[in-house]
Amino acid sequence: MMKRTLLAFSTALGLAATAHANDAWPTKPVRVLVPAPAGSSLDVIVRTLGDKLKNRWGQPIVVDNKPGAGGMIGMDAVAKAAPDGHTLGIGFNGPIAFGPYMYKKMPYDPAKDLLPVVLTTSQPNVLAVQASNPARTLPEFVAWAKKQGGDKVNYASVGNGSSSHLTMELFKSVTGIEAAHVPFAGSPPAGTSLAAGETQALFTVAPALLPLIQGGRIKLLAATSLKRTEGMPDLPTVAESGYPGFEALAWNGLFAPAGTPAATVEKINADVNAVLKDSAVRASLAKQGLVVGGGSSAEFKSFIDKEAKTWGAIIKKNGITID
């Protein structure tokens, strides 16, 4: 009886200590590493969420921009940070799901060195073509491209190994069209090449193309989400245009260093989920063309595993490498 009493007392003390440690977090400013420049969509997302999270956590949110190497510099810094919950990072497709298949060696292992905390937002790519292209729908574009032949169709991307690049490769595989890849350093030059007729198609996120759309130089034919988005209700999806199940999202989410206490990860997840439900936050993100995420850390991990499997196969099939 005495042993059982002592064991129960010891267990209670342990639970109380864990609860106290969780309640105490954070004990200092929370640094969020952004593997992209200030003013980028990732930067805007973190600052938008940070404005609300600082009130919940009672500590400042310090945004630390570390762009470079396709996002790997920033995420490597997260992976090597102290696992106490005071350093987080916002990761995206490239340095999380694509990188292991495109680089011979990475400075960190996304699956082992980083903990998925919560999906923050996602965004479909859109298929853009020159305004003068005779195709008015996706099926018409596919028919047009097949008629041209592979030597007459070039597609632009925002960079080798990007979501923009891989989405078109997936599209080519399901439609049977042929097109040569012309990578650019970002959306502006890729969009300009399309508008000028130097390339004939481009998959990228819609906000980056808005000036060219408004100027009547390019037009959109389809979005790569499974369902039409709130921000583009009149734009059909690839899935509904004859290719069921087609989905290609540009996504991002918060990550913590491996070893971060589970209770801390759960608290961060719960608080971010609460902030993502805030009407002002949702409106602000929607203006950026972003679809609000959320969900559990386990759901985020499952999503990443699925993404890695899908895109890893595309990368291997096409021999896409960055090294």
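A polar contact is a pair of N or O atoms within 3.5 Å; within protein, one atom must be able to donate a hydrogen and the other to accept it, and residues adjacent in sequence count only if both atoms are side-chain atoms. With that definition in hand, the side chain of Thr224 can be described as reaching the backbone oxygen of Ala248 at 2.5 Å.

The structure is a predicted model, in which local features need pLDDT of at least 70 and side-chain atom pairs count only at pLDDT 80 or more, while totals for chains, interfaces and linings use all residues. Residues are numbered from 1 along each chain as its sequence is written, and side-chain values use heavy atoms, with hydrogens and water left out.

## Two buried threonines

Thr224 is found in the loop between strand E8 (218–223) and strand E9 (249–257), where helices (H or I, at least four residues) and strands (E, at least two) are DSSP runs numbered from the N terminus. Its relative accessible area is 0%, and Thr224 is therefore buried; buried means under 20% relative accessible area, exposed over 50%, and partly exposed in between, with a 1.4 Å probe and protein chains only. Not counting residues up to four places away in sequence, Thr224 touches Pro124, Asn125, Thr167, Phe203, Val238, Phe246, Glu247, Ala248 and Leu249, where contact means heavy atoms within 4.5 Å.

Thr167, one of the residues that Thr224 touches, is found in helix H7 (residues 163–175) and counts as buried at 0% relative accessibility. Leaving aside its neighbours within four places in sequence, Thr167 is in contact with Asn125, Phe203, Thr224, Phe246, Ala248 and Trp311. The C-alpha atoms of Thr167 and Glu307 are separated by 12 Å, although these residues are 140 residues apart along the chain.

## Packed helices

Two packed helices are described by the angle between their axes and the distance between the axes. The axes are lines fitted to C-alpha atoms, for helices over the stretch in contact, and the angles run from 0 to 180 degrees between N-to-C directions.

| Helix pair | Angle | Distance between axes |
|---|---|---|
| H4 (93–102) and H12 (297–318) | about 45° | 9 Å |
| H2 (41–57) and H10 (262–276) | about 125° | 10 Å |
| H2 and H11 (279–287) | about 170° | 11 Å |

Angles under 35 degrees count as roughly parallel, over 145 as roughly antiparallel, 65 to 115 as roughly perpendicular and the rest as oblique. H4 and H12 are therefore oblique to each other, and H4 passes H12 in a right-handed crossing; a crossing is right-handed if the near helix is turned clockwise from the far one by less than a right angle, and left-handed if anticlockwise. The contact is made by Asn93, Ile96, Ala97, Phe98, Tyr101 and Met102 of H4, together with Ile304, Glu307, Ala308, Trp311, Gly312, Ile315 and Lys316 of H12. By class, this contact of H4 with H12 has 9 nonpolar, 2 polar and 2 charged residues, where Ala, Val, Leu, Ile, Met, Phe, Trp, Tyr, Cys and Pro count as nonpolar, Asp, Glu, Lys and Arg as charged, and the others, Gly among them, as polar. Because 8 of the 10 residues of H4 are buried, this helix is largely enclosed by the rest of the structure; among the buried residues are Gly94, Pro95 and Gly99.

Helix H2 takes part in the other two pairs of the table. With H10, the angle of about 125° makes H2 oblique, and H2 passes H10 in a right-handed crossing. The residues in contact are Leu49, Lys52, Leu53, Arg56 and Trp57 of H2 and Lys267, Ile268, Asp271, Val272, Ala274, Val275 and Leu276 of H10, and they divide into 8 nonpolar, no polar and 4 charged.

With H11, the angle of about 170° makes H2 roughly antiparallel. Ile45, Thr48, Leu49 and Lys52 of H2 meet Val281, Ser284 and Leu285 of H11, which gives a contact of 4 nonpolar, 2 polar and 1 charged residues.

## Backbone details

Most residues other than glycine have a negative phi, and most peptide bonds are trans. The peptide bond from Trp25 to Pro26, however, is cis, with omega near -5°, and Pro26 has its place in the loop between helix H1 (2–24) and strand E1 (30–34). Ala69 has a positive phi, near 55°, and this residue is in the loop between strand E2 (61–65) and helix H3 (72–79).
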